[in-house]
Amino acid sequence: MVTSRWTAAPARTASPRRRGAVLERAILNATLEQLSTVGWKGLTMEGVAAGAQTGKAAVYRRWPSKEDLVADALVSGLPRVEEAPDLGSVREDLLALCRHVREIMYSRPGVALRSVIHECDHVQVERFEGVIAESVVEPTVKLLCEVITRGIERGEVRTDAANGYVFDAIPAMMMYRSKMCGSEWSDQDLAEMIDQLMLPLLRP
């Protein structure tokens, strides 16, 4: 009796065909993964399709351009801070809010967003200005307004401090230091920003 040296390869189990929202979520997740690993310049529609285990045509049917795909991925993926901290003092509230913002900046979608900001040219970045404003800047400013208004009511903050220049200070500083200086914003960095920049701006 002759025994064959060859054995049949095990049959492959077909992966389930994904459609609709399930497939779209896989594509958006793959986009964020690509952005956080290879950056804006390295991201391709082909790479996203491979990461989502689907065909390139499935990506292009939903998003005709790389910019459209990335904008939707950022909007859907960026975490939100829904409520302003209320810890009893404006200093502690600001520190807690800054820690939440830092968590967003260094989440996978946050890293993806920063790769877009850092690598896009001035024409491309205009496509994402609305995403950045609506998903990051405006929610942060709204919560800063709540924290500072509450501080005014407690008598910790001067009454004219609730203005756009003050509200912009923390987001502007965190974005600038992150982009230009590579700062990762340790707890000490955040405390120093609050103590040396914000509290002198706010004191009665």
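Q: How far apart do the end C-alpha atoms of residues 44-63 lie, and what share of the span is helix?

A: First, the ground rules. This is a predicted model, where local features need pLDDT of at least 70, side-chain atom pairs count only at pLDDT 80 or more, and totals for chains, interfaces and linings use all residues. Residues are numbered from 1 along each chain as its sequence is written, and side-chain values use heavy atoms, with hydrogens and water left out. Helices are DSSP runs of H or I with at least four residues, strands are runs of E with at least two, and both are numbered from the N terminus. Here the ends of residues 44-63 are 12 Å apart, and the span is 70% helix and 0% strand.

Q: What does UniProt call residues 44-63?

A: UniProt positions follow the numbering used here, feature names are shortened, and annotations may be inferred rather than shown by experiment. The unreviewed entry lists residues 44-63 as "DNA-binding region".

Q: How do I read the angle between H9 and H10?

A: Axes are lines fitted to C-alpha atoms, for helices over the stretch in contact, and angles run from 0 to 180 degrees between N-to-C directions. Under 35 degrees counts as roughly parallel, over 145 as roughly antiparallel, 65 to 115 as roughly perpendicular, and the rest as oblique. H9 (residues 164-181) and H10 (residues 187-202) pack at about 160°, axes 11 Å apart. That makes H9 roughly antiparallel to H10.

Q: Which residues of H9 and H10 make the contact?

A: Contact means heavy atoms within 4.5 Å. On the H9 side you'll find Val166, Ala169, Ile170, Met173 and Met174; H10 brings Leu190, Met193, Ile194, Leu197, Met198 and Leu202. For classes, Ala, Val, Leu, Ile, Met, Phe, Trp, Tyr, Cys and Pro count as nonpolar, Asp, Glu, Lys and Arg as charged, and the others, Gly among them, as polar. This contact has eleven nonpolar, no polar and no charged residues.

Q: At what angle do H1 and H4 pack?

A: H1 (residues 20-42) meets H4 (residues 66-77) at about 105°, with axes 9 Å apart, so the two are roughly perpendicular. Their contact holds nine nonpolar, three polar and five charged residues.

Q: Is Trp185 buried or exposed?

A: Buried means under 20% relative accessible area, exposed over 50%, and partly exposed in between (1.4 Å probe, protein chains only). Trp185, in the loop between H9 and H10, is buried at 2%. Its phi is positive, about 55°, although Trp185 is not a glycine.
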